[in-house]
Amino acid sequence: MTQRTSPTPRSCSSCDGFASAAITTGGRNHRGHLHTITADCPACHGTGTCTTRRNREGARV
C-alpha cells in the first residue's frame, strides 16, 4: 500500500527561501570577531516558506 506524502512547502516569494541574513555592523570585539546582527524576512518571519490558501471547491460567497 502506498503512503501519502505531504506537499513540499512553498518557498517565500519575497526572499526566495533565503529567510535570514547575517549583517556585520562594522565593529569588532576584543577578540577580533565581527559584530553581526540577524535580519529576518518580514513576509515569512524567517522561516523561508509561505502558507498556501486553498479555495473551497463549490463554495459561494
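What follows is a tour with stops to select, one after another.

Before you click, know that this is a predicted model, where local features need pLDDT of at least 70 and side-chain atom pairs count only at pLDDT 80 or more, while totals for chains, interfaces and linings use all residues. Residues are numbered from 1 along each chain as its sequence is written, and side-chain values use heavy atoms, with hydrogens and water left out.

**Stop 1: the whole chain**

Show everything and colour by pLDDT, the predictor's confidence in each residue, from 0 to 100. The mean for the protein is 80, and 77% of the residues reach 70 or more. Now switch to cartoon: you'll find four strands and zero helices, in the order β-β-β-β from the N terminus. Helices (H or I, at least four residues) and strands (E, at least two) are DSSP runs, numbered from the N terminus. Which element has the lowest mean pLDDT, and which the highest? Strand β1 (residues 10-11) is the lowest at 80, and β3 is the highest at 92.

Of the 61 residues, 10% count as buried. Buried means under 20% relative accessible area, exposed over 50%, and partly exposed in between (1.4 Å probe, protein chains only).

**Stop 2: the hairpin**

Select residues 20-28, which are strand β2, together with β3: the two pair in the antiparallel sense over six bridges. Two strands count as paired if DSSP finds at least two bridges between them. Pick serine 20 and look across to its bridge partner in β3, aspartate 40. Then try alanine 21, which stands opposite alanine 39 in β3. Follow the strands to the turn: β2 and β3 form a hairpin with five residues between them, and glycine 32 in that turn has a positive phi of about 95°.

Is histidine 35 buried, exposed or partly exposed? Its relative accessible area is 37%, so histidine 35 counts as partly exposed. Leaving aside neighbours within four places in sequence, the contacts of histidine 35 (heavy atoms within 4.5 Å) include Ile23, Thr25 and Arg28.

**Stop 3: the cysteines**

Select Cys12, Cys15, Ala19, Cys41 and Cys44: these five residues make up the largest nonpolar core. A nonpolar core is a set of buried Ala, Val, Leu, Ile, Met, Phe, Trp, Tyr and Cys residues joined through side-chain atoms within 4.5 Å.

With cysteines gathered like this, how many disulfides are there? A disulfide here is a pair of cysteine sulfur atoms within 2.5 Å, and by this rule the count is zero. Check cysteine 15: its closest cysteine sulfur, in cysteine 12, is 3.8 Å away, so that pair is too far apart for a bond. Cysteine 44 is in no disulfide either, and its nearest cysteine sulfur, that of cysteine 41, is 3.8 Å away.

Cysteine 15 is buried at 14% relative accessibility, and cysteine 44 is buried at 7%. You'll find cysteine 44 in the loop between β3 and β4 (49-50). Cysteine 44 and cysteine 15 are 29 residues apart in sequence, and 8.4 Å from C-alpha to C-alpha. Setting aside residues within four places in sequence, cysteine 44 is in contact with Cys12, Cys15, Ala19 and Thr49. Click alanine 19 too: not counting residues up to four places away, the residues it touches include Ala39, Asp40 and Gly46.

**Stop 4: two loop residues**

Finish with aspartate 16, in the loop between β1 and β2. Its phi is near 55°, a positive value in a residue other than glycine, and aspartate 16 is exposed at 57% relative accessible area. Then hop to histidine 45, in the loop between β3 and β4. Histidine 45 has a positive phi near 60° and counts as exposed at 65%.
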